[in-house]
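Subject: Structure handover

Hello,

I am passing this structure on to you, with notes on what turned up in it. Please look through the sequence and the model before reading on.

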Amino acid sequence: MPERNNTPLLDIRDLKVEFPSRRGVLVAAQGVNLSLQPGEILGVVGESGAGKSTIAYAIMGLIEPPGRMAQGEILLKGERIDGLPREKMRRIRGRRIGMIFQDPLTSLDPLQTVEAQLVETMRTHLPISEAEARARAVDLLDQVGIPNPAERVKNYPHQFSGGMRQRVVIALAISCEPEVLLADEPTTALDVSIQAQILELLKKLVREKGMGMIIITHDMGVIAEVTDRVAVMYRSRLVEEGPSDKILTRPDHPYSQSLIAAVPPPDRRIERFPLVEYIEKAGDESRKLDLATHWLGQARDFGQTDGPLLRIEDLTMRFMTKPSILPSRRRYMTAVDHVSLDIRDGEVFGLVGESGSGKSTVARLISGIYTPFAGRIHFAGEELTAFKSRREANRLRRQMQMIFQDPYSSLNPRMKVRDIVAEPIRFHKLASSGAEVRRIVDDLLDHVGLGASAALRYPHEFSGGQRQRISIARALATRPRFLICDEPTSALDVSIQAQILNLLKDLQEELGLTMLFISHDLPVIRQMCGRVGVMQHGKLLETAETEELFNNPQTDYTRHLLALMPRMKRAA
Amino acid sequence: MLFFIARRLAQSVLVMLTVAMIAFALFQYVGDPINNMVDQDTSLADRERLRQELGLNDPVPVQFWRFVKNAAHGDFGVSYRLRKPVSELIAERFPATMELSLISALLALGVGIPMGVYTALHRERLPSKLFMTLSLIGVSLPTFLIGIFLILFFGVQLRWLPTFGRGDVVHIGWWSTGLLTKTGLQSLIMPAITLAIFQMTLIVRLVRAEMLEVMRTDYIKFARARGLKTRAIHFGHALKNTLVPVITIIGLQVGSIIAFAIITESVFQWPGMGLLFVQAISEVDIPVMAAYLMLIALIFVVINLIVDILYFVIDPRLRVQS
């Protein structure tokens with residue numbers, strides 16, 4: 001840890017940020033005291049809406065109006081920088097304080113080359129010539145680990161992958177050698193292996209350039225990986241601050257304790273996820289149905305199937321990447337490459353891999369969103385891919401439902417929750433009257449822990465976790481026996497994730513559901529699944545019992561993934 | 001890129017053929033061309049002979065093919081009303097309409113885009129609010145009404161500007177221009193404003209909405225966080241990104257300025273194609289109507305092609321990567 005000298009690099013005193021609105025003043029951050037030393041990495045952790053990003057925006061003087069800093073002081077090397085005139089503040093941004101945003105895909109101007117953006121930034125702040133700036137641009141790309149920097153500098157942002165774009169963003173942020181670097185969820189949008197590389201790069205840069213860095217994240221794994229000190233935020237306040245080792249292993253505040261407990265442990269299997277009890281209303285409010293007598297529990301005698309419930313043989317899917325009139329000039333990308341697997345009745349099968357590995361494509365092929373290029377899918381002994389008519393496939397597809405990753409775009413915003421959940425019941429004509437449909441919907445909403453009162457509201461009135469519950473209720477509405485969950489919790493906070501995973505576990509046990517559970521998150525897979533398949537570049541590399549896979553991985557790639565899994569030291 | 005343009009060209013040909021079919025159908029279904037050409041004393045035998053001579057007894061596909069072939073050479077036959085070749089009539093009127101339309105388009109873009117940017121960047125300032133209210137009026141008032149008000153005020157009351165016609169024109173080759181004489185320019189002012197106002201208000205609202213959208217994006221936030229100058233952010237990054245989607249609409253708008261100059265030309269008795277077209281309708285002068293239809297379709301197709309090519313120039317994401 002760096003030595004503490006008298007004036008910290010950055011000092012935030014009693015910060016309060018508020019957003020006046022019609023319904024009163026919303027306080028986004030209050031009573032925040034933080035300081036940062038040169039060469040130090042400070043983590044700010046908390047769940048969405050806790051006010052973490054607000055701190056970064058306050059430091060940059062970029063709080064969106066009508067929001068304002070209502071109280072407090074921000075000092076950079078002992079000089080006050082809050083409330084500076086606009087032009088003076090602009091000279092500090094980018095020059096003395098750099099910032100990195102969450103989503104590298106949207107952080108760069110799509111119409112300008114990387115070089116143009118780098119040169120513009122440097123020439124705004126530094127007295128250097130165009131030629132010097134160009135030379136430095138190449139040098140910067142080299143520093144952030146972009147291969148072939150002299151050529152790549154002429155490229156446009158869309159020609160870089162997500163991880164490479166984040167490197168470009170970092171190059172831009174450090175181009176004028178700032179003293180402080182603010183990183184707002186810098187790796188949240190990236191794969192685990194890319195995340196590890198980016199964190200490594202940030203650590204290296206801080207060390208080499210003696211910068212101070214504040215890293216804002218909701219991910220305890222990231223905190224454990226890079227930070228020297230951590231501040232925990234909860235509902236606009238700092239609840240705890242201290243050295244990372246201490247906070248991660250022996251947190252004092254009950255919120256920090258439950259937040260850390262809610263992170264799925266990568267190294268052992270637990271029965272249920274501990275809930276973040278400190279958060280009010282985190283407890284399950286659902287009125288549980290007696291499934292033995294209820295509509296939802298009935299008609300579940302699907303008949304015994306010999307062999308696995310779902311069998312995939314040589315499934316292949318390719319997408320055209322370069323269209324042409326001449327078939328010989330067309331180019332294809334093979335997203336799923338001869339994948340074969342069995343899913344047994346009543347088990348939860350996990351599919352893990354990084355983005356682009358083809359795992360979501362497999363889910364979409366099974367559920368019929370895509371038509372396979374080659375290969376066969378058998379469900380309950382019948383070949384789905386052989387059906388010529390939609391009607392026939394629908395009979396079996398009723399038994400198969402899907403839950404999507406993004407709870408924001410997977411619900412029709414113009415429909416009431418009642419109609420969203422009722423739609424599949426009506427489509428498959430599973431109830432005899434409108435009144436019955438309504439009763440079933442109310443029961444379903446109760447069962448997933450939303451309460452029947454949710455039925456008359458619209459999706460936008462719900463939080464991400466609640467929306468995912470709506471998606472689950474909708475999936476259950478056809479009385480399915482097979483559920484495909486495509487990254488169901490990766491858009492959610494850790495405490496909400498724990499609730500949703502518990503709900504899925506309960507439903508799976510109560511209804512004897514079979515599940516295909518897709519995730520890039522190995523600890524979650526370990527908790528949820530009986531067997532796991534690992535995918536890379538469209539190929540299924542290995543399939544094993546979950547514990548077997550974690551303890552005795554067979555392929556290099558699996559070992560690589562396991563090694564990247566962020567591990568937190570925990571109190572015994 | 002070449003492949004893309006070739007495909008667009010093929011599509012354009014298809015569009016033109018479809019429009020040609022509609023124009024051709026006019027001859028078949030709207031009135032009887034022979035009736036329009038002869039007077040009441042002509043005998044039935046003469047009519048039949050004329051019909052045979054004009055090829056009107058040939059099978060429909062043959063007639064259509066002939067129509068397309070002639071149209072491709074710019075030959076649309078003879079106007080029933082004026083007894084002159086249609087191509088000659090159009091060529092006479094074309095410069096008037098083009099001058100009016102291009103000046104209007106320049107006016108609409110020249111005022112619309114800067115005002116759109118201004119109102120997006122300074123939403124709370126008084127001029128923005130004033131302009132947005134005025135633009136609402138501009139969108140809701142019909143063009144002819146604005147024209148009539150202008151005539152009443154500047155023409156009749158103040159007597160500053162001529163109320164009809166093109167003024168004196170200068171001939172440069174076959175092109176006649178009113179831009180080189182004082183009366184020509186004076187005559188152009190009111191029709192150009194009338195024609196531009198609707199498009200201008202539309203462009204202001206479009207640019208404003210798109211610009212507000214762009215200003216909320218992450219790359220603008222990141223540009224701020226890099227401490228770039230406000231002007232560089234607004235005009236170097238935001239405006240360019242704003243224009244990408246706006247260009248399509250602007251292209252179509254410029255097309256419709258030319259196509260819908262009809263009303264303005266009628267109000268100001270502007271001797272352009274629109275006026276010719278309106279007169280042609282009232283007299284069922286089908287060759288003129290057909291030619292006008294084809295010409296407008298051609299203009300739209302060409303503008304769309306230009307817009308597509310502009311996309312390639314502006315947006316690097318569309319350029320083919322290997």
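Which residues of helix 9 of chain B meet helix 10 of chain B? In this predicted model, they are B:Tyr219, B:Ile220, B:Ala223 and B:Arg224. Their partners in helix 10 of chain B are B:Ile233, B:His234, B:His237, B:Ala238 and B:Asn241. By class, that contact has five nonpolar, three polar and one charged residues. The axes of helix 9 and helix 10 of chain B are 11 Å apart, at an angle of about 170°. Angles over 145 degrees count as roughly antiparallel, and helix 9 and helix 10 of chain B are therefore roughly antiparallel to each other.

Two other helix pairs in chain B

Helix 7 (residues 143–157) and helix 8 of chain B have axes that come within 9 Å and cross at roughly 150°. Helix 7 and helix 8 of chain B are therefore also roughly antiparallel to each other, and their crossing is right-handed. On the side of helix 7 of chain B, the residues in contact are B:Thr143, B:Ile146, B:Gly147, B:Leu150, B:Ile151 and B:Phe154. On the side of helix 8 of chain B, they are B:Met190, B:Ile193, B:Thr194 and B:Ile197. The residues of this contact divide into seven nonpolar, three polar and no charged.

The axes of helix 5 and helix 6 (residues 126–140) of chain B also come within 9 Å, but they cross at roughly 125°. This pair is therefore oblique, and the crossing of helix 5 with helix 6 of chain B is left-handed. B:Met115, B:Tyr118 and B:Thr119 of helix 5 of chain B meet B:Pro127, B:Ser128, B:Phe131 and B:Met132 of helix 6 of chain B. Five of the residues in this contact are nonpolar, two are polar and none is charged.

The second largest pocket

The second largest pocket has a volume of about 1400 Å³. Its lining has 38 residues, and the closest to its centre are A:Ile63, A:Glu64, A:Pro65, A:Arg86 and B:Arg224. From chain A, helix 1 (52–60), strand 4 (68–76) and helix 2 (86–92) each supply at least two residues of the lining. Helix 2 of chain A gives the most, with four residues. By class, the lining divides into 18 nonpolar, seven polar and 13 charged residues.

Two backbone details in chain A

A:Pro65, listed above among the residues closest to the pocket centre, is joined to A:Pro66 by a cis peptide bond, with omega about 10°. A:Pro66 lies in the loop between helix 1 and strand 4 of chain A.

A:Asn148 has a phi near 60°, a positive value in a residue other than glycine. A:Asn148 is in the loop between helix 4 (130–143) and helix 5 (149–152) of chain A. For background, most residues other than glycine have a negative phi, and most peptide bonds are trans.

Regards

Key. Residues are numbered from 1 along each chain as its sequence is written. Chains are lettered from A and ligands numbered from 1 in the order in which they are written. This is a predicted model: local features need pLDDT of at least 70, side-chain atom pairs count only at pLDDT 80 or more; totals for chains, interfaces and linings use all residues. Side-chain values use heavy atoms; hydrogens and water are left out. On a 1 Å grid over the protein atoms alone, a cavity is a set of points where a 1.4 Å probe fits but cannot get out, and a pocket is an open set with protein on both sides within 12 Å along at least five of seven lines; lining residues have an atom within 4 Å of a point. Grid points are joined across faces, edges and corners, and a volume is the space filled by probe spheres set on the points. Ala, Val, Leu, Ile, Met, Phe, Trp, Tyr, Cys and Pro count as nonpolar, Asp, Glu, Lys and Arg as charged, and the others, Gly among them, as polar. Axes are lines fitted to C-alpha atoms, for helices over the stretch in contact, and angles run from 0 to 180 degrees between N-to-C directions. Angles under 35 degrees count as roughly parallel, over 145 as roughly antiparallel, 65 to 115 as roughly perpendicular and the rest as oblique. A crossing is left-handed if the near helix is turned anticlockwise from the far one by less than a right angle, and right-handed if clockwise. Contact means heavy atoms within 4.5 Å.
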